[in-house]
Amino acid sequence: MAFLFYILFWVSLSALIFIIHRTSRYRRLRLPPGNLGLPFLGETLQLISAYKTENPEPFIDERVSRFGSLFTTHVFGEPTVFSVDPETNRFILQNEGKLFESSYPGSISNLLGKHSLLLMRGSLHKRMHSLTMSFANSSIIRDHLLVDIDRLVRLNLDSWTDLVFLMEEAKKITFELTMKQLMSFDPGEWTESLRKQYLLVIEGFFTVPLPIFSTTYRRAIQARTKVAEALSLIVRQRRSESEAGERKNDMLEALLSADDGGFSDEEIVDFLVALLVAGYETTSTIMTLAVKFLTETPLALAQLKEEHEGIRARKSEGEALKWSDYKSMPFTQCVVNETLRVANIISGVFRRAMTDINIKGYTIPKGWKFFASFRAVHLDHNHFKDARTFNPWRWQSNSGTTSPVNVFTPFGGGPRLCPGYELARVELSVFLHHLVTSFSWTPAEEDKLVFFPTTRTQKRYPINVQRRSNVKS
Ligand code: HEM
């Protein structure tokens with residue numbers, strides 16, 4: 001017993017010395033103003049309860065008004081500096097791998113797998129990032145991907161009747177597109193059963209990463225194993241086909257035949273899982289929200305329809321969209337930008353300081369977290385006039401309602417710039433094209449936007465659709 005007390009005494013004393021040492025070090029450093037909140041919990045509960053309102057940025061708004069665009073807080077177990085300053089955000093993004101490294105919560109990194117692009121660092125990250133970029137760049141989309149995007153979007157829309165839950169449909173479309181792009185799979189039973197497992201994996205992202213406490217997390221881990229097994233089988237099959245000279249034109253082929261020896265099956269599976277994750281929620285959410293905002297802004301919807309009917313009028317019935325059609329959708333691009341701005345799906349990115357960071361007269365200690373908020377910048381009246389209103393016309397040149405400096409970063413920037421940025425824009429544009437030329441719709445019930453833990457609508461955006469008969473599709 002005495003021995004136990006002795007151990008407890010020394011452990012407590014060491015913890016106390018550590019905390020005092022750390023606190024006095026923080027005092028010596030000049031940190032951005034803010035509040036570290038309660039011990040261990042910090043301000044996590046305030047953050048979670050703040051986002052139950054309809055305001056997109058309640059937690060940040062309140063602190064920016066008290067402390068300015070760089071403030072200190074303590075969330076999810078760690079002291080964190082929040083930045084709502086475009087210049088600081090750019091500095092953080094550009095110095096990835098030098099002064100900062102990306103940092104994801106345990107729940108996400110465990111489920112992604114250690115070889116995922118999102119978790120990779122250093123030269124391997126550089127190599128894989130450029131490989132991914134080369135798979136989704138404009139010329140690949142133009143020459144290979146666009147035809148399937150057009151076909152699969154149309155195939156899905158053809159099955160719509162009466163009531164449609166848009167968020168569900170958009171997710172199905174996005175998943176099918178990604179499976180085609182990554183592994184040349186057309187939709188079928190196999191892709192649908194994989195999608196069901198995959199949905200369980202995603203659910204695990206926003207839970208406590210402790211299987212004993214969370215059934216959702218336990219289920220997510222099991223589903224992750226099943227997804228990995230199914231993908232491993234495909235990878236093995238494709239590897240032998242590839243060795244026999246049977247080549248396909250997709251991302252998996254690029255991974256199998258990469259220079260300097262290619263990658264192991266496990267690396268490829270983790271990589272594919274991460275790509276499915278990165279493009280799925282993001283692109284499907286942007287599709288749903290664009291429709292919601294357009295429905296609530298009839299003038300914008302009318303202008304969009306006019307643009308797409310003009311394109312249809314130049315084509316024969318059922319003819320697929322070509323790259324030149326995509327390039328002649330200027331107002332659509334305004335709608336895409338504005339949706340990404342108002343409802344930024346990735347609200348910002350977490351980074352960890354690899355060394356003490358001197359910025360804007362402050363010193364932030366090595367190991368601290370940063371959160372570069374994109375959404376709060378996009379919704380700041382100093383950068384966008386009437387920032388919280390959906391106004392696609394602001395993106396027309398000379399509208400004067402958008403800040404001249406580069407403050408629009410829905411796809412991040414620097415070495416981790418989203419490799420799917422053009423692909424997401426094309427997919428959304430093609431989807432809008434077929435939607436507005438094939439259907440008219442009305443919301444089936446009122447549905448609200450929520451912003452935490454992800455941006456989405458509460459009721460999966462149900463709409464009643466009516467097929468249009470007067471326009472060639
Ligand atoms: C509207 C749709 C999308 C949005 C808003 C979006 C946004 C982002 C953002 C902000 C990042 C940077 C993360 C960071 O810096 O830590 C990112 C990274 C990434 N995105 Fe996207 N994305 C979208 C669609 C896609 C698509 C369709 C793909 C599929 C190719 C994709 C693949 C990735 C990957 C693999 C990364 C990780 C890059 C890295 O860490 O090097 N994204 N995305």
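Mentor: What follows describes the sheet, then the helices on it, then the nonpolar cores. Please keep in mind throughout that this is a predicted model. The sheet is an open one, built from five strands in the order 1-2-8-5-3, with mixed pairing. At its edges are strand 1, covering residues 70–75, and strand 3, covering 100–102, each of which pairs on one side only. From one strand to the next the twist averages 35°.

Helix 3, residues 58–67, lies across strand 1, strand 2 and strand 8 (369–373), and runs at about 135° to strand 1. Helix 4, residues 86–94, also packs on the sheet, where it touches strand 1, strand 2, strand 3, strand 5 (348–353) and strand 8, its direction making about 120° with that of strand 8.

Turning to the cores, the largest nonpolar core has 78 residues, of which Leu-272 and Ala-290 touch the most other members. Helix 12, residues 265–296, gives the most to this core, contributing 18 residues. Leaving aside neighbours within four places in sequence, Ala-290 is in contact with Val-335, Thr-339, Leu-428 and Leu-432. Apart from this core lies another, of 24 residues, and among them are Phe-71, Phe-100, Ala-353 and Phe-371. As a general background, nonpolar side chains in soluble globular proteins tend to be buried together.

Definitions and conventions: Residues numbered from 1 in each chain as written. Predicted model: local features only at pLDDT ≥ 70, side-chain atom pairs only at ≥ 80, totals over all residues. Pairing = 2+ DSSP bridges. Helix = DSSP H or I, 4+ residues; strand = E, 2+ residues; numbered from the N terminus. Axes fitted to C-alpha atoms, helices over the stretch in contact; angles between N-to-C directions. Contact = placed C-beta atoms within 7 Å. Core = buried A, V, L, I, M, F, W, Y, C linked by C-beta atoms within 7 Å. Buried ≥ 20, exposed ≤ 12 C-beta atoms within 10 Å, placed from the backbone.
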